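Here are some exercises to work through with the model open beside you. Try each task before you read its solution.

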Amino acid sequence: IFVMLAMLFLGFLFVESRQAVLSLLSVLAIYTLLSFKNILYKLMISLTIAIILTVLYQNPVSERSSARINSIVDLEPATRADKFRLDNLVFVIEAYDDKPLFGHGPTSFLRESPHNQVAHNTYFSTYYEYGFFGVMFLFTILYILCRPIIFFLKNKVKFPRKHRSELFLLSIFPISFIVQINFIESFGKMTIYIFILSAHLLLVQLKRIVEK
């Protein structure tokens with residue numbers, strides 16, 4: 001498991017994907033807090049996360065990387081792309097009461113946004129294009145993704161101790177996607193549908209284990 005996580009993390013660093021790194025760190029943080037390991041194990045993972053963040057902040061590989069990292073630390077747009085994204089979010093907020101129920105229609109944000117670019121935030125773009133009902137549909141999808149972790153937490157005692165940690169980590173991974181869609185568009189990409197199918201299959205497998 002940790003070899004897989006390390007490979008994922010190195011891949012995210014290689015492409016300088018901030019949202020991927022943040023989503024993976026969120027999974028590790030939740031896994032550390034809710035895992036069934038002892039205190040020493042939790043401290044070890046926490047220290048690893050702290051070292052990774054320190055290295056990222058102190059040793060950026062380029063000026064652009066430094067600006068992108070600072071935008072996370074300072075919570076302020078540090079690059080032109082970040083400023084465009086902030087403008088897009090402000091645009092949605094200012095138009096929140098224009099067509100609140102059904103939105104402005106598919107792809108309307110791309111046509112009407114200040115920079116004619118996507119919002120890079122699934123929550124905001126869904127509200128603008130599909131309104132309140134679109135957001136409810138999105139939250140329904142996110143609930144489907146979270147069902148394995150909900151089921152796991154309710155039935156954790158019934159799982160074999162040998163595989164409990166691995167099953168828990170697999171169950172919690174969809175949370176990374178929920179974090180990630182704060183920075184990407186998802187409805188038009190295959191990733192969200194792969195996660196839905198994976199979450200469903202994992203839930204079926206967890207129920208079979210409990211029944212046995």
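A residue counts as buried when its relative accessible area is under 20%, as exposed when that area is over 50%, and as partly exposed in between. Please keep in mind that this is a predicted model.

**Exercise 1. A helix and its surroundings**

Task: Find out how many of the nine residues of helix α8 (residues 164–172) are buried, and what that says about the helix.

Solution: 
- Step 1. R164, S165, L167, F168, L169, S171 and I172 of α8 fall in the buried class.
- Step 2. That is seven of the nine residues, so α8 is largely enclosed by the rest of the structure.
- Step 3. For context, 39% of the 212 residues in the protein are buried.

**Exercise 2. The overall make-up**

Task: How many helices and how many strands does the protein have?

Solution: 
- Step 1. The secondary structure comprises 10 helices and zero strands.
- Step 2. Written from the N terminus on, the order of elements is α-α-α-α-α-α-α-α-α-α.
- Step 3. Now turn to contacts with a sequence separation of 6 or more: 63% of them join residues 24 or more positions apart.

**Exercise 3. α7 against α10**

Task: Describe how helix α7 (residues 122–155) packs on helix α10 (residues 190–211).

Solution: 
- Step 1. Two packed helices are described by the angle between their axes and the distance between the axes.
- Step 2. Here the axes of α7 and α10 come within 9 Å and cross at roughly 25 degrees. Angles under 35 degrees count as roughly parallel, so α7 is roughly parallel to α10.
- Step 3. The crossing of α7 past α10 is left-handed.
- Step 4. On the α7 side, the residues in contact are I141, I144, L145, R147, P148, F151, F152 and N155. On the α10 side they are I192, F195, I196, A199, H200, L202, L203, L206, K207 and V210.
- Step 5. Sorted by class, this contact of α7 with α10 has 14 nonpolar, two polar and two charged residues.

**Exercise 4. α7 against α8**

Task: At what angle do α7 and α8 pack, and which residues make the contact?

Solution: 
- Step 1. The angle is about 145 degrees, and the axes of α7 and α8 are 7 Å apart.
- Step 2. α7 passes α8 in a left-handed crossing.
- Step 3. From α7 come P148, I149, F152 and L153, and they meet R164, L167, F168, S171 and I172 of α8.
- Step 4. By class, the contact of α7 with α8 contains seven nonpolar residues, one polar and one charged.

**Exercise 5. Aromatic pairs**

Task: Classify the ring pairs F91–Y128 and F102–F133 as stacked, tilted or edge-to-face.

Solution: 
- Step 1. Ring centres must lie within 6.5 Å to pair. By this rule there are eight aromatic pairs.
- Step 2. F91 and Y128 have a centre-to-centre distance of 5.3 Å and 45 degrees between their planes, and the pair is tilted. F91 belongs to helix α5 (residues 80–94) and Y128 to helix α7, so this pair ties together parts 37 residues apart in sequence. Y128 itself is buried, at a relative accessible area of 4%.
- Step 3. For F102 and F133 the centres are 5.0 Å apart and the planes meet at 15 degrees, so this pair is stacked. F102 sits in the loop between α5 and α6 (108–112) and F133 in helix α7, so the pair ties together parts 31 residues apart in sequence.
- Step 4. Check accessibility too: F102 is exposed at 59%, whereas F133 is partly exposed at 46%.
- Step 5. Ring pairs also link F91, F109 and Y128 into a cluster.

**Exercise 6. Three single residues**

Task: Is each of S186, T32 and A29 buried, partly exposed or exposed?

Solution: 
- Step 1. S186, in the loop between α9 (174–180) and α10, is buried at 2% relative accessibility. Leaving out residues up to four places away in sequence, S186 touches T122, F177, I181 and I192.
- Step 2. T32, in helix α2, is buried at 6%. From C-alpha to C-alpha, T32 and L169 are 10.0 Å apart in space and 137 residues apart in sequence.
- Step 3. A29, also placed in helix α2 (residues 18–34), is partly exposed at 33%.

Definitions and conventions: Residues numbered from 1 in each chain as written. Predicted model: local features only at pLDDT ≥ 70, side-chain atom pairs only at ≥ 80, totals over all residues. Heavy atoms only, no water. Axes fitted to C-alpha atoms, helices over the stretch in contact; angles between N-to-C directions. Helix = DSSP H or I, 4+ residues; strand = E, 2+ residues; numbered from the N terminus. Parallel < 35°, antiparallel > 145°, perpendicular 65-115°, else oblique. Left-handed = near helix turned anticlockwise from the far one by under 90°. Contact = heavy atoms within 4.5 Å. Nonpolar A, V, L, I, M, F, W, Y, C, P; charged D, E, K, R; others polar. Phe/Tyr/Trp six-rings, centres within 6.5 Å; stacked < 30°, edge-to-face > 60°. Buried < 20%, exposed > 50% of the residue type's maximum accessible area, 1.4 Å probe, protein only.
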